[in-house]
Each structure stands twice: as structure tokens, then as C-alpha cells.
Amino acid sequence: KLNLSTDIGVDIIDTSEALAELVEQLKVCEGAVSWDTETTGLDPFQVDLVGLGCCFELPSSVDEGGEPIICTAYIPVGHAEGKQLPKEEVLEALRPILEAGDRPKIFQNAKFDRNILRAQGIALDGIAFDTMLASYVLNPDRSHNLTDLSFRYLGYTPESYKDLVPKGKTIADVPIAAVSHYCGKDVYGAFHLTPLIKAELV
């Protein structure tokens, strides 16, 4: 079980230098990268993109305990307040990675994120695993949302959208730091869910 009750250490990417460094890390990443988009609503063609999150393992890197180093990042692009990069700069920097079929990607409900990115002019490719769809294949009659999957497999309950976003507001109105933790734990959770759910599919 993972202990995600504490801060997992999410890097907020809000400078061009930090974005360039993240892109270089993603280029050398040898495994699948977990991705998530944060938006102001559920209709891909009627909402604004607020941010993107990703989680991946740094190749050939271990921490003091000998465990692989897992990087988690949040890139704000559409918050009402706070330091952030222009959405166009971020999407163009990430386009070669997001559109590459040979760079495997993990999503929770990939269809939604694919449509969100399509509306932003990004032709997402390389989807290697969808935790929601895989859960459905295994247990059609059970819940497949990330909250329930995280509790079932990882032993923790992530913060809900309703708890994060005040009534009458959107996630764009929530401070960047708070959303970075919310999105960061989502991509971190999906990253760690993948091998566990995969093992049950064999």
C-alpha cells in the first residue's frame, strides 16, 4: 500500500526553464508516463484547459533507500490567479511527446483527456493503459473512478473534486498549489495503479 496522506512532492512548472527541463526528462523517460488534464468542465469543446499533470520514473536514478525516483509535475496554464506559463507555449513544448506513438502514456479515462487535448489542437497518441477501462474489464459491476480504485488497490482516498472546488466555482478559481497536489496525487496514483491492475489482467 502507498501512503499518500502526506505531500508526495509535486513540482509546479511555471517558468520556461522548468518546462524545458521537464521536457528533457520526459524525452529520456524509458517507461510509461501517467498524464491528467484539469479543466473548467466536462464538455471538451466548451471548457478551458486549466493545467496538466504527469508522473514518471527517472531512468537509472534511485533515492537514498535504493528506490526508483518518481517525478510528479503540474503545469498550470489557465488559473484565475498565480504565476503560470502561456497555454500555447506549454502545448507546443509538449506536442512532440503527447503526439508520439512510441512514448507510452497512462490515463484514467483516456477518452476524456484525448478529447480535451484534441480541442486544444493536440493529436494524442501512444495511450498504453487506461486504468478505468482496465478496471471495467476486470470488474464490470464495480466502481471504476479513481477515488475507489485508489482505495481498493493503494489503500488511500484522494481528495475529491467536490472538496477541492467551492460550490459555484471551477478548478480555475482554486489556488495553483492546491490543484498541484490534487492533480499530482491523481497522476501518481494512476502511475502506481497500472502495474497492480495489469497483473490481474494476465
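A residue is called buried when its relative accessible area is under 20%, exposed when over 50%, and partly exposed in between, with a 1.4 Å probe and protein chains only. Good morning. The model I present is a predicted one, in which local features need pLDDT of at least 70 and side-chain atom pairs count only at pLDDT 80 or more, while totals for chains, interfaces and linings use all residues. Residues are numbered from 1 along each chain as its sequence is written, and side-chain values use heavy atoms, with hydrogens and water left out.

I begin with S34. This residue sits in strand 2, residues 33-39; here helices (H or I, at least four residues) and strands (E, at least two) are DSSP runs, numbered from the N terminus. S34 counts as buried because its relative accessibility is 0%. What is S34 in contact with, leaving aside its neighbours within four places in sequence? The partners are G53, C54, C55, I106, V187, A190 and F191, where contact means heavy atoms within 4.5 Å. With V187 the geometry can be given in detail: a polar atom of the S34 side chain lies 2.9 Å from the backbone oxygen of V187.

I turn now to the pockets. A pocket is found on a 1 Å grid over the protein atoms alone, as an open set of points where a 1.4 Å probe fits, with protein on both sides within 12 Å along at least five of seven lines; lining residues have an atom within 4 Å of a point. Grid points are joined across faces, edges and corners, and the volume is the space filled by probe spheres set on the points.

The largest pocket holds about 650 Å³ of space. Its lining has 26 residues, of which D36, Q108, L146, Y182 and D186 are the closest to the centre. Which element gives the largest share of this lining? Strand 2 does, with six residues. Helix 3 (110-119), helix 5 (146-154) and helix 7 (176-201) also supply at least two residues each. By class, the lining has 11 nonpolar, 10 polar and five charged residues; Ala, Val, Leu, Ile, Met, Phe, Trp, Tyr, Cys and Pro count as nonpolar, Asp, Glu, Lys and Arg as charged, and the others, Gly among them, as polar.

The second largest pocket has a volume of about 200 Å³. Its lining consists of I8, D63, E67, P68, I69, I70, Y188, F191 and H192. Two or more of these residues come from strand 4 (68-76), and likewise from helix 7. Six lining residues are nonpolar, one is polar and two are charged.

Next comes a backbone feature. Most residues other than glycine have a negative phi. N109, in the loop between strand 5 (105-107) and helix 3, has a positive phi, near 75°. N109 is partly exposed, at 27% relative accessibility.

Finally, the salt bridges. A salt bridge is a side-chain nitrogen of Lys or Arg within 4 Å of a carboxyl oxygen of Asp or Glu, and by this rule there are three. One joins E24 and K27, at 3.4 Å from N to O; both residues lie in helix 1 (residues 16-28), three residues apart, about one turn of the helix. The others form a network linking E92, R95 and E99. In it, the closest N and O atoms are 2.7 Å apart for E92 and R95, and 3.0 Å apart for E99 and R95. E92 and R95 are separated by about one helical turn because they stand three residues apart in helix 2 (residues 87-98). R95 is partly exposed, with a relative accessible area of 21%.

Conventions:
Polar contact = N/O pair within 3.5 Å; in protein donor to acceptor, adjacent residues only side chain to side chain.
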